[in-house]
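Here is a short tour of a structure, taken one region at a time. Keep the viewer open as you read.

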There are 2 protein chains.
Amino acid sequence: MSLVVVGSVALDSVETPFGKAEEALGGSATYFSTAASYFTDVKLVAVVGKDFPERHIRFLKRMGIDIRGLQKADGRTFRWKGKYDFDLNQAHTLDTQLNVFASFRPVLPEEYREAEYVFLANIDPELQLEVLGQIRKPRLVACDTMNFWIERKSRKLKETLKYVDILTINEAEARELSGDSNLVKAARRILSFGPRAIIVKRGEYGALMFSDSSVFAAPAYPIESVFDPTGAGDSFAGGFMGHLARVKSINDRSIRQAIIFGSVMASFDVEDFSLNRMKRLTSRAIEGRFREFKKLTHFEDLKS
Amino acid sequence: MSLVVVGSVALDSVETPFGKAEEALGGSATYFSTAASYFTDVKLVAVVGKDFPERHIRFLKRMGIDIRGLQKADGRTFRWKGKYDFDLNQAHTLDTQLNVFASFRPVLPEEYREAEYVFLANIDPELQLEVLGQIRKPRLVACDTMNFWIERKSRKLKETLKYVDILTINEAEARELSGDSNLVKAARRILSFGPRAIIVKRGEYGALMFSDSSVFAAPAYPIESVFDPTGAGDSFAGGFMGHLARVKSINDRSIRQAIIFGSVMASFDVEDFSLNRMKRLTSRAIEGRFREFKKLTHFEDLKS
């Protein structure tokens, strides 16, 4: 039942109108696995440099994350520097230093290869394919991507999508990948590339899931103090995959609940810098916010 | 139980990437009352010029709308010319000719003054106040406004809001009116101006309702062919107020259902130019789409 994630572990420097963080723990695999750790066992695949602080390693272990797949390479850890203005939906990248991530080749420890649930975070689609080649019998594969790969590695990305069950993608990127400005048509086109479902992430507007037989709309939780949106998409994916791996059933019902758990984790993530909010959650707090989502969206059906 | 609306009746020329309409029937009161006519009796207050086509009068009558409050003034009817690009959330006004609307003073026929439900569409807040002064004992007053009045008549607008139960407003305008970029804080600030509830309209992202004790998020219906968003906000308000006037009960439960009916009417409105889609609806179609909203948003709660 274990869940494998491959992605980045990074040191982020982030500035928002509400403050800033310098060289804080970040990266897609970090956010994903921290969020998912509240639901199930997570095995992380990523790379860091020799400069990666030992305290971050201790943190990941403390969250119960399996880091046997975390390589330590000669060189410096991946660094990202970004800024958000009052429109917190839009990150402005100030600097990207790939460092050891530039030559990252994911190698899965033997114990990871039986994993049934796999999340391919936003990395080069060639690496995503390499990871899939190392998993013996995945039951559910989800992946994320971004405009960078859509523009530069479109063919490889589409090849990867043939092996993917669920794609999570930002709204603008869904339009770009499909070439259609209408989201319903965009989703249908992307489904034709292979995935059985696509989850369109819309930041503060929530998420929309499309499959052949179902459409589901989830709002974002209205938050009074959004401090730092970094990692919201990966925290969403962590809650989403974590729930599915936990309940061991994949159907419209569990996928809808998983989308709400994903939205719950994203809503916690943005309440503080880095993983500061997410690292001190409880099942009770997570379930409490799930129930808030129910209240937020509930309306009585018509009498039949 | 009747419902009065005061607003504009106009001739709209609209261009979208999917086609155009010339001098088509439009105006906030027109969209509102057409949508509301499927739910309850509607009494319209507005003004047109001598050039207003007789066929539009016949159309309004055919929809069962009471037009005794529709003044016919010397001069030309209000005209609006607008354009939408692929981002259909944003209208670009090309030309506005107020014509007879410039000197409009709403005078309610005697039969209108007992109305219990009142919608003040987006007009000068001074006129909104004048209308309220003519209604004896309103049970529920809702109103709309826009950046033009927020910027030019802020004081009058805030005076009007003291008498308003529910404000419907676009997202950007909620931020502008409140002076707060965070929507939760913006809503709370606007509630302090007087309304018991505020409904923030977010175009293709749906609507958010805030009251002192409740928050409700409704998605927009994902539509494959959005032809013309003109009138979506007023169609929303028409479905919303129409439902409340029909069920004669105003509480969290009926307000949530009313927001869905509003979203249903807005979703029909955008499927064609002018009122072309909305004018040929049935209760069955409206209830069918209401049920689609239920499917679109439903997820199982946690076992307690």
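This is a predicted model. Start with two helices of chain A. The crossing of α6(A) past α7(A) is left-handed. Two packed helices are described by the angle between their axes and the distance between the axes. For helix α6 (residues 171-178) of chain A and α7(A), the axes come within 9 Å and cross at roughly 60°.

α6(A) brings A:E171, A:A174, A:R175, A:L177 and A:S178. Facing them in α7(A) are A:L183, A:A186, A:A187, A:R189 and A:I190. By type, the contact holds 6 nonpolar, 1 polar and 3 charged residues.

Next, the chain interface. Here 30 residues of chain A are in contact with 30 residues of chain B. On the side of chain A, α7 (183-191), β13 (215-218), α9 (252-269) and α10 (283-297) each give two or more residues. The largest share, 6 residues, comes from α10(A). This side of chain A divides into 16 nonpolar, 4 polar and 10 charged residues.

Finally, turn to a sheet in chain B. It is open, with 4 strands in the order β3-β2-β6-β7 and mixed pairing. Neighbouring strands are turned by 15° against each other on average, direction ignored. Strand β6 (residues 79-84) of chain B runs antiparallel to β7(B), joined to it by 6 bridges. In β7(B), B:T93 is the bridge partner of B:G82.

Key:
Residues numbered from 1 in each chain as written. Chains lettered and ligands numbered in written order. Predicted model: local features only at pLDDT ≥ 70, side-chain atom pairs only at ≥ 80, totals over all residues. Contact = placed C-beta atoms within 7 Å. Nonpolar A, V, L, I, M, F, W, Y, C, P; charged D, E, K, R; others polar. Axes fitted to C-alpha atoms, helices over the stretch in contact; angles between N-to-C directions. Left-handed = near helix turned anticlockwise from the far one by under 90°. Pairing = 2+ DSSP bridges.
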